[in-house]
Amino acid sequence: MPENAPENKAVAAAGAKGEAVLAKKPTRQYVCRACGAVHAKWAGQCDGCGEWNTLEEMPLEPLAASSVTSRVGGGRRVRLEELQGQVQPPPRVRSGIAELDRVLGGGFVPASVVLVGGDPGIGKSTLLLQAASQLAGQGERVLYISGEEAVDQIRLRAQRLGVAQARLELAASINVADIIATLDAEPDVRAVVIDSIQTMWLETVESAPGTVSQVRACAFELIRAAKRRGFSLVLVGHVTKEGALAGPRVLEHMVDAVMYFEGDRGHQFRILRAAKNRYGATDEIGVFAMTDRGLEEVSNPSALFLAERRGNIAGSAVFAGLEGTRPVLLEVQALLAPKGGDGAPRRAVVGWDTGRLAMLLAVLETRCGLKLSGMDVYLNVAGGLKVAEPAADLAVAAALVSAATGVPTNSGEVYFGEVGLSGEIRQVAQADARLKEAAKLGFTQAVLPRRIARGNARTRPPEGLGLRELGHISDLISPEAEAD
Ligand code: TYD
Ligand code: MG
């Protein structure tokens, strides 16, 4: 995600033009509550993210700051260091929730700030109350500060989650000055959860809680306290669709790590995904299931995602995918229906990219003669996961072909491979990891890209797993054509 590119541009432009810009003295700027894009003029719609009525007027801080720095003297020289030197990996405080620690890159880093964003009601407070209790259970001093719930409500939730014994310290407050005074008086606190940053309030900032100015100012003060005192800070931020509150995106550039807690409220699965991580990889996911006793870790997501799969139904195929370093098997479902009405046919996609579906449909129609342009197409990645890998092309194509022909795919088969515009099946990364996961879950055959050179030895497939190698997408329709 761009780290507030428009704002950086504005600063750079102001710096380049120097006094000329200052002479005109623009004093306001307009910041989008949803995406944080900065605009010079007010507009009804943000051209950064397309949301309506999300621009909020703010004093123009970058210019004010530069006009100050051009006047002040008396700064001290900073120490310049060589690039080469001994580097220690950052110390980690493990939460004890393996799925969370994985996404964090091994645990919380002292003096670092993690922003956990997500839709209201998705389970952020639940996750963090569980994590904070676990940490406290290891003998660390952990503070959970809620601006949304009273202490009794948090106690009740803790009872329900079965963590009421933890020596977690609670506070209900929205006043950042009070919170920082408390933290200054408790120097041995190791971790602090602020739930949520949109409820926090600084007296010195004029606007109401939840506005971009308040949210940024409160986060800034809390982050400074974390860096000064060395505790790990977790900020909860609601993703807001209505644009009434400033969303977590206006804070992304200020924090060390950004994770989004996603999922469909109708499903049990919750996925924690890192969008930014200064101390770890951003392609890891943590998988949880929301139960009546809180969030449970799902260490074998494939089994969960495939649990409700029914065999022998046309339009379904299993994709052997990768999420970060982890192989995950998913069911792709396609449904075709004769186009209704005069307009363009419907293309409805859940969990995959619409543009990519359009491309695959065109390839299937042009290269395989499959008539799909007169059909409405519905595509669904079961379980609520969002797939971004091109490697899913082959599974999607198999689901579409199966839906179009009415012939179910073999229920013991998994698919992976990228499809090119001429219909060729292209290699994808980490075939071995995908094959291993498929074998582990009892699949008997993998449909995958053909080896480029026949002589090249592929590492042997896992025991019990046959390979069906495809060179062209038309091999999906006429399997006998693949023999050469
Ligand atoms: P919550 O953590 O309050 O969401 P957020 O902080 O992201 O707004 O979770 C709220 C939902 O989770 C609520 O609809 C009820 C559900 N839930 C469970 O299903 N089981 C539980 O044990 C708990 C605590 C909540
Ligand atoms: Mg909450």
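Predicted model: local features only at pLDDT ≥ 70, side-chain atom pairs only at ≥ 80, totals over all residues.
Colleague: Which backbone distances to a ligand oxygen do Gly123 and Gly294 show?

Modeller: A backbone N or O atom of Gly123 is 3.0 Å from an oxygen atom of ligand 1, and for Gly294 the distance is 2.7 Å. On its own, ligand 1 exposes 560 Å², of which the protein buries 76%; such accessible areas come from the Shrake-Rupley method with a 1.4 Å probe (for residues, only the protein chains shown count as cover). The elements giving two or more residues to the shell around the ligand are α5 (124-137), α6 (151-161) and β11. Helices (H or I, at least four residues) and strands (E, at least two) are DSSP runs, numbered from the N terminus.

Colleague: How many residues surround ligand 1, and how do they divide by type?

Modeller: There are 17, and the closest are Gly121, Ser125, Thr126, Thr291 and Gly294. To be near, a residue must have a heavy atom within 4 Å of the molecule or strand in question. The shell holds four nonpolar, seven polar and six charged residues. Here Ala, Val, Leu, Ile, Met, Phe, Trp, Tyr, Cys and Pro count as nonpolar, Asp, Glu, Lys and Arg as charged, and the others, Gly among them, as polar.

Colleague: On to the rings: how many aromatic pairs does a search of the whole structure find?

Modeller: It finds one. Its partners are Phe261 and Phe288.

Colleague: And why is that pair called edge-to-face?

Modeller: Rings of Phe, Tyr and Trp (its six-membered ring) pair if their centres lie within 6.5 Å; planes under 30 degrees apart count as stacked, over 60 as edge-to-face and the rest as tilted. The centres of Phe261 and Phe288 are 5.9 Å apart and the planes stand at 75 degrees, so the pair is edge-to-face. Phe261 belongs to strand β9 (residues 257-262) and Phe288 to strand β11 (residues 285-291), so the pair ties together parts that are 27 residues apart in sequence.

Colleague: How do you know whether Phe261 and Phe288 are buried or exposed?

Modeller: Buried means under 20% relative accessible area, exposed over 50%, and partly exposed in between (1.4 Å probe, protein chains only). Phe261 has 2% and Phe288 has 1%, so both count as buried.

Colleague: What makes Arg434 count as a charge over a ring?

Modeller: The rule asks for NZ of Lys or CZ of Arg within 6 Å of the ring centre and within 35 degrees of the ring normal. The charged end of Arg434 sits over the ring of Phe416, 5.5 Å from its centre.

Colleague: Why are Pro187 and Ser411 given separate labels for accessibility?

Modeller: Pro187 has a relative accessible area of 53%, so it is exposed; this proline is in the loop between α7 (176-185) and β7. Ser411 has 40%, so it counts as partly exposed; its loop runs between α11 (393-405) and β17.

Colleague: Where do Glu323 and Glu413 lie, and which side chains do they contact?

Modeller: Glu323 is in strand β13 (residues 316-323), and its side chain has a polar contact of 3.4 Å with that of Arg273. Glu413 is in strand β17 (residues 413-415), and its side chain makes a polar contact of 3.3 Å with that of Arg468. Glu323, at 10% relative accessibility, is buried, and Glu413, at 4%, is buried too.

Methods. Residues numbered from 1 in each chain as written. Chains lettered and ligands numbered in written order. Heavy atoms only, no water. Polar contact = N/O pair within 3.5 Å; in protein donor to acceptor, adjacent residues only side chain to side chain.
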